[in-house]
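Hi,

Here's the structure I promised to pass on.

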Amino acid sequence: MGALRLPALTSIFTSSSVRSPPAIFPLKNRLRLPIRRPFSAHSTAEKVVAPELGDGKAKVLDKDKDRVITPRSQDFNAWYLDVIANAELADYGPVRGTMVIRPYGYAIWEAIQEYMNVKFKETGHSNMYFPQFIPYSFIEKEASHVEGFSPELALVTVGGGKELEEKLVVRPTSETIVNHMFTQWIHSYRDLPLMINQWANVTRWEMRTKPFIRTLEFLWQEGHTAHATAEEAEKEAMQMIDVYTKFAYEQAAIPVIAGRKSRVETFAGASTTYTIEAMMGDRKALQAGTSHNLGQNFSRAFGTQFTDENGLRQHVWQTSWAISTRFVGGIIMTHGDDAGLLLPPRLAPLQVVIVPIWKKDNEKTGVLTASSSVKETLQAAGIKVKVDDSDQRTPGWKFNYYEMKGVPLRIEIGPRDVSSGTVVISRRDVPGKQGKVFGISMDPSTLVAYVKDKLNEVQSSLLERATTFRDR
């Protein structure tokens, strides 16, 4: 992006069909989201997905009753919660507003981490970790910071059975404690730039919650940098919003708009906030990542100074930037459909599922052997693949189940396929017979090339579809 000035988002999101996006960072006038409890109830029952309904809806059988995933067009919020529950992405924790991220949901977050970690290190940042308990006096040092965060702070006043001399804040963000440490580490211009990142949890006492989108506690990365000049800090803030933008387009297949937040929506304590905003399936915008030019606001509050090349004492110029597990919610709401999740291959925990099909016992061994061989071929090529060889569920049940989980490609192998040395491959993003191709050779080089090509096609198709929807 270089010296490009990003547009103010207040001039972009003016359509009556788009409301102001919920902010990751606290604002007095931020949008409040309705709380939904059916998500919690869904997750307590044993769930089985039935393969055929005739109307294209994924049906879920509980021990006590039948349910369907609510159609997106009927109730988008109920659909969202149904998908999270049925795809086993997350569940509510015992404390109101908290979330337990289940393995499948966490695997999506891990894929985000893996990509971002590489990019952060390529741009010169090092990972480290700061304590989650922050003295309350730190929060008070920057006036706009304490004003913005006070309503949602979680405070610790008792420790070890005794009243604490100073109450502690459970980390809502780390600018204050970072500055406290930067002040001890930065002395000269030779110590700059100082560029770090941490992967951590933060706590904000939200009154209205929604899984992944807004919870009391969530996971994120937060980068913090200190520079000798204002120009360096601005370049850093722009560089990181560019990293987030490329990630959204190239990995998540989400066509975000990068821009500058309005004054009232600027992060508490920042001079300028840059953001990426994404259009969700309900025609509402989601703030998906932010990069802040903090100027010298925090360095002046904490006395974070350095001696420049002329021997003069100067306050450092700073940035901070973050994306969170909210991005998982953004992926669900951007790509999902009435059948459930629809995951971009580059972030999918499982890219290919192999479903063996047999009717007679004498067919089983050959089909399973071929399935295992295909799995090993794809695994060796770096593709995330699984064989579902369980015989407790029918192939139709499995088809429906993995479609609901958003797996990009399905490979079917039956006795005839074994005889012909071929497989059947179906795309999750193209339903029915249109997305199914027969007679793909099991020859390793042919199969790997075909599967990789189809995964790339799915990735491109999701981005194109989301872009068309946003523009329309």
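Below is what turned up on the cores and one of the sheets.

Ground rules: this is a predicted model, with local features needing pLDDT of at least 70 and side-chain atom pairs counting only at pLDDT 80 or more, while totals for chains, interfaces and linings use all residues. Numbering runs from 1 along each chain as its sequence is written, and side-chain values use heavy atoms, leaving out hydrogens and water.

Cores first (buried Ala, Val, Leu, Ile, Met, Phe, Trp, Tyr and Cys joined through side-chain atoms within 4.5 Å; buried is under 20% relative accessible area, 1.4 Å probe, protein chains only). The largest one has 58 residues, and Y80, I112, F212 and F327 are among those with the most contacts inside it. Elements that each supply at least two of its residues include α3 (103-122), α7 (230-250) and α9 (326-335) (DSSP runs: helices H or I, at least four residues; strands E, at least two). Leaving aside residues up to four places away in sequence, F327 touches I112, F247, A248, A252, I254, I276 and A288 (contact is heavy atoms within 4.5 Å). A separate second core of 26 residues includes A253, L378, Y450 and V458.

Now the sheet: it's open, five strands in the order β19-β18-β20-β21-β22, with mixed pairing (at least two DSSP bridges between two strands). β19 (385-387) and β22 (436-441) are the edges, each pairing on one side only. β18 (352-356) and β20 (409-413) run parallel over five bridges, and P356 has I413 in β20 as its bridge partner.

Cheers

Notes: Buried means under 20% relative accessible area, exposed over 50%, partly exposed in between (1.4 Å probe, protein chains only).
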